[in-house]
Amino acid sequence: MGGSIKIYLNLIISITSITLLSKYLVQTEQINETVAVTASPSTTTNTNLTCPNGYCNVDLDGSQSIVDDDDSTNSANWISKYAPGREEQQHPVMNDGYLRQSSIIFGLTKTATYDTLNSLCYKQMKEIERAILRKDVWAMKVLDASAHKESGFLWGHNFWLGSPRGCEAVQQPVRITLSDMFERTMKKGLLDSLAPFDLEYRVVYLNHNSPWQVEIKFQTERIVHIGLCLPKSCTSPEIYNMTQSFFDNDQSEDTRMLSLHPEVIRVKDMKVSETFFNKLSLKLVVGVLTFTFLMFAAAAVITPLVKGDSATVSTSTSPPDQPNGISKFIKCFDLSDNWKFLFATKENQPNSIPVINGLRSISCLWILLFHVMWYMYFTVDNKTFLISYAEKIVFQYISTAPLLVDIFFTISGFLLTYNFLMNSKKMEEIQNNSFSSNAKVYLKMVVHRYLRLAPLYLVMIGMVEVFTSYADDVSLFHLEDRNDQICQKYWWRNFLFIQNMFEQKDLCLNWTWSLACEMQFFLITTGLLFLYTKNQTKAKLLFVAGLCGTIIWQVIIGFRLHYQLSYDVMFATGTQIYISPFMRVMPYFLGSATGWYLANNKKTSPSPTDASSLSSSSPSNLTDVVSPLMEKCLWNLAILIFFGCIYSTIHRAMSTLATICLFVGGRLAFSVAVSWMIIGSATGRSVWWSRILEHRIFQHVNKLSYAIYLLNPFIINIVFSLNKQSTHADPFILSIISSGFVLVTYVFSILFYLAFEIPYSNFSIMLLKRKKKVL
């Protein structure tokens, strides 16, 4: 019995020994196989190779080796960690298959081939691949800084920008002082771990054709922006081909799921091009700025001397020396005098029309708010919701702001006609002049108008062209309005104020279409006024025919284009309807009719010395016709019509007939309401809300309205183009941003007014005073 037990125990010990020996031999064989794979450069990629416990790295040549989270790049050290007898905590590395599907930057490293890239770019791309799999800190920063699909694609989020600052942090340490007092779980080196070679942030633009995104047909919507942190050694053409190859092979799960079918259209390296500093427009802008500063300095020297000479006239018997033409021109730039004029306000006189100041001021600021939404659109990552906000009743006052352009047309038509008819001396001169003499008078009026508008306008064209060229090089975003290209080709259209007669897409400074309209309306209406002094009947017939003709034309074009109030149709018909002078002249004619009516109802007709002056006009005979109660009712009716037109598009789904009736009839009623506000203010009687528009502060803002009008889209474009992230449209944030733009635009409008508007306006007046006054 005892012998049997001993034999049984010996058998168990033998079996156990054999089992342990077998396990040891299997483990040793696995390690030797792994060493052979990692050591042999000729070993081909074996996707079925099993790594111990799943901790592997793919080398430059496609082979695999055992790695650990925190190990160096020495293969021998990696393997020694798994030698028998050594036990150490191990961490899983990144999953190759998952990264290939989810990370564009990692997918590009897998797509990179030696035949399509330069040797250094290929080597560094593969190094990024290995480092990501090893979870090296610098590589994880590269992965984090590069693009991945953002949520919200269905609603217009095409900005997969990654982090430009994050890519910079792989090149330069992030300087943050942290104490040792607290325990932190973050990886060591997150702040100061740097890549072993130079990297650059690039943006790849893709044109997608996915059916899984709301398509509004409104500006550029189908351009996907992909930000990548890539080796500096890789050229843009190489990145272009590598990215296209990656998407052609459908290596991204997101592209397959969303059916993107992307096509690479551009790779941007975010550097200013070498040709930028050789641009003629840049040299012209610098030249104009230099000239302006020199004029400021010269005016600061000359003006005190001229004033000093004037002060000694009373003590001298000889007449004072008159300043020559150059001195007079330099004095036009005197900052002190121009500053005082800009901020000077006075009490409203009973015979003035102060509501005009308020209407202009409120309208230009109101349109600014609309421009914020319009010119931020190309950076908005929830475009669909931004458009939906515009259709809500709360935001109707912004979405229908373009209607306020009719206020400017109405006021301009009124001022031109009213001041012309109130200047009896000028009318008498025109009536007695020959055709050639009147042609000279007409030309002087046109030159005065041109000098009033052109200097600031032309400076803005140059600045916008220069900035757009710069922004196209360094902005993260695909620019919708390429003013650098358009203005180089079509600047002469703006110079002649005829840009609105061409396609909307070819507009240089597309917000200046109304300026071209106004100049054209000025030329036509001034010609009719000259004819009016010669033959009132013919002028009236032509005027009525023109007013009726534009109304009929609007109806015809509306039906021909099947016009609707949806934003896509409004955008698509911008050339034929929105910027067309034939469609927009109606408010100007109604303003002219208002000026004619008011001028013919004056008790007296004094002759103002300045075409823009209304201070010498007398009260209207309307006060003898309309009772105070009726006048108050008309005031309130005007404001009801005003806001009724603003909120009339709360429901935009209408038939073509209803749309055209609202479009033509609403604009007609809107202009009539504004005309009554002008007439009512001229009577000297008002209501509480009109007295707000007549406040003195609007005298100051009205002087800046032209500069605000030209500057605000430029400033808005600067801010959003140079932003480092996309913009999320939120009503509360929009209100804060808009307030900031109002303040910034106001400050810069003062600078531009003093530099490029008032000096040349002074010069224009000086030229007109060289001979007898015509205006």
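In helix 6, the buried residues are Val137, Trp138, Ala139, Lys141, Val142, Leu143 and Ala145. The model is a predicted one. What lies over the buried residues of helix 6? The cover includes helix 3 (96-102), helix 4 (104-111), helix 5 and helix 7, together with strand 4 (199-207) and strand 5.

**Disulfides**

Helix 5 holds cysteine 121, helix 7 holds cysteine 167, and strand 5 holds cysteine 229.

How many disulfides does a search of the whole structure find? The search finds 3 disulfides. The table sets them out.

| Disulfide | S to S distance | Torsion about the S-S bond |
|---|---|---|
| cysteine 121 to cysteine 234 | 1.9 Å | about 90 degrees |
| cysteine 167 to cysteine 229 | 2.1 Å | 75 degrees |
| cysteine 487 to cysteine 508 | 2.0 Å | about 95 degrees |

Take the link of cysteine 121 to cysteine 234, with its S to S distance of 1.9 Å. Cysteine 121 lies in helix 5 (residues 119-134), while cysteine 234 sits in the loop between strand 5 (223-231) and helix 8 (236-248), so the pair ties together parts 113 residues apart in sequence. The torsion about the S-S bond is about 90 degrees, so the disulfide is right-handed. Are these two cysteines buried or exposed? Both cysteine 121 and cysteine 234 are buried.

Next comes the link of cysteine 167 to cysteine 229, at 2.1 Å from S to S. Cysteine 167 belongs to helix 7 (residues 164-168) and cysteine 229 to strand 5, so this pair ties together parts that are 62 residues apart in sequence. The link is right-handed, with 75 degrees about the S-S bond. Cysteine 167 is buried at a relative accessible area of 3%. Cysteine 229 has 0% relative accessibility and counts as buried.

The remaining pair is cysteine 487 and cysteine 508, with sulfur atoms 2.0 Å apart. Distant parts of the chain are linked here: cysteine 487 is in helix 19 (residues 483-495), and cysteine 508 is in the loop between helix 19 and helix 20 (513-534), 21 residues apart. The torsion of about 95 degrees makes this disulfide right-handed. Cysteine 487 has a relative accessible area of 3% and is buried. Cysteine 508 is buried too, at 1%.

**Two further cysteines**

Cysteine 332 counts as buried at 6% relative accessibility. Cysteine 517 is also buried, with a relative accessible area of 0%. Why do these values qualify? Buried means under 20% relative accessible area.

**Helix packing**

Two packed helices are described by the angle between their axes and the distance between the axes.

Helix 24 (residues 581-599) and helix 26 (residues 656-682) have axes that come within 10 Å and cross at roughly 25 degrees. Helix 24 and helix 26 are therefore roughly parallel to each other, since angles under 35 degrees count as such. Their crossing is right-handed. On the helix 24 side, the contact residues are Met583, Arg584, Met586, Pro587, Leu590, Thr594, Tyr597 and Leu598. They meet Phe663, Val664, Arg667, Leu668, Ser671, Val672, Ser675, Ile679 and Ala682 in helix 26. By class, the contact of helix 24 with helix 26 has 12 nonpolar, 3 polar and 2 charged residues.

Helix 18 (residues 435-474) packs against helix 29 (residues 731-768) at an angle of about 160 degrees, with the axes 9 Å apart. That makes helix 18 roughly antiparallel to helix 29. The crossing is right-handed. Helix 18 contributes Lys444, His448, Leu451, Arg452, Pro455, Leu456, Val459, Met460 and Met463. Helix 29 contributes Phe752, Phe756, Glu757, Tyr760, Ser761, Ser764, Ile765, Leu767 and Leu768. The contact of helix 18 with helix 29 divides into 12 nonpolar, 3 polar and 3 charged residues.

**Asparagine 712**

Where is asparagine 712? Asparagine 712 has its place in helix 28 (residues 697-721). At 2% relative accessibility, asparagine 712 counts as buried. Leaving aside neighbours within four places in sequence, asparagine 712 is in contact with Leu368, His371 and Thr745.

Note on methods. Residues are numbered from 1 along each chain as its sequence is written. This is a predicted model: local features need pLDDT of at least 70, side-chain atom pairs count only at pLDDT 80 or more; totals for chains, interfaces and linings use all residues. Side-chain values use heavy atoms; hydrogens and water are left out. Axes are lines fitted to C-alpha atoms, for helices over the stretch in contact, and angles run from 0 to 180 degrees between N-to-C directions. Helices (H or I, at least four residues) and strands (E, at least two) are DSSP runs, numbered from the N terminus. Angles under 35 degrees count as roughly parallel, over 145 as roughly antiparallel, 65 to 115 as roughly perpendicular and the rest as oblique. A crossing is left-handed if the near helix is turned anticlockwise from the far one by less than a right angle, and right-handed if clockwise. Contact means heavy atoms within 4.5 Å. Ala, Val, Leu, Ile, Met, Phe, Trp, Tyr, Cys and Pro count as nonpolar, Asp, Glu, Lys and Arg as charged, and the others, Gly among them, as polar. A disulfide is a pair of cysteine sulfur atoms within 2.5 Å. Buried means under 20% relative accessible area, exposed over 50%, partly exposed in between (1.4 Å probe, protein chains only).
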